Amino acid sequence: HLVVVDSLAPASGSEDINKEGDLLKLYGGLRSLGCTSLVIHHLNREKQMYGNVYAWNLARSVWLLKRTGGAARNVLSFGLFHQKANRGELHPTPIGLEFTWESDRVNVRRIDVLDLPDLLDTMHLRDRVKVALKHGEMPFAKLAADLGFIEEKDKAKLRSTLLRNKRLFTQHNDAWGLLAREQGVIPDTD
């Protein structure tokens, strides 16, 4: 069974979402049902969850859903980004979905979030690097510049990401590229 709560603020029964007691009651009530619950919550202008830290802390798993417009008025694309997992690991890559409205139905298909430039700022650095290297290898300096990394601390973070992800990226002299399976040549069996 699945219970969907749309959305957290009205369901909390509180006029002030910053009151942790009301959130504790809501989550306690949901857990007492003994089934899965999907609680929809919204972000403020600072891209943070409304309310206090309990909205984040009490959730077992948090997914961020971001929308981007499609090429046509009847198309919407969404990226799902796993932000928190209390049990198990985070989903390793974002999930993309495209909805197309037609006169008699809605079609849904899975898409590659890496092809949605509007969502790049939401992606992990590892995924942003994959997008940058999608069309071939490039020198580290150009890669850093393309990603907007000017400061040495940002370049160090990029270098660390490249070195830590040897199953994704390969280095030839000063140029970095994607391993063949990331380019779609070798099927990914991981």
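Mentor: Start with Asp-154, which is partly exposed at a relative accessible area of 22%; buried means under 20%, exposed over 50%, and partly exposed in between, with a 1.4 Å probe and protein chains only. Asp-154 forms a salt bridge with Lys-153, with 3.7 Å between the closest N and O atoms. The term covers a side-chain nitrogen of Lys or Arg within 4 Å of a carboxyl oxygen of Asp or Glu. Lys-153 is exposed, at 60% relative accessibility.

The model is predicted, so local features need pLDDT of at least 70 and side-chain atom pairs count only at pLDDT 80 or more, while totals for chains, interfaces and linings use all residues. Residues are numbered from 1 along each chain as its sequence is written, and side-chain values use heavy atoms, leaving out hydrogens and water.

The structure holds nine salt bridges. One of them joins Arg-109 and Glu-98, at 2.8 Å from N to O. This pair links distant parts of the chain, 11 residues apart: Arg-109 lies in strand S6 (residues 106-111) and Glu-98 in strand S5 (residues 95-101). Strands here are DSSP runs of E with at least two residues, numbered from the N terminus. Glu-98 is buried, at 16% relative accessibility, whereas Arg-109 is partly exposed at 47%.

Another salt bridge joins Arg-105 and Glu-102, at 3.2 Å from N to O. Arg-105 has a relative accessible area of 43% and is partly exposed; Glu-102, at 35%, is also partly exposed. Both belong to a network of salt bridges that links Glu-102, Asp-104 and Arg-105.

Terms used:
Helices (H or I, at least four residues) and strands (E, at least two) are DSSP runs, numbered from the N terminus.
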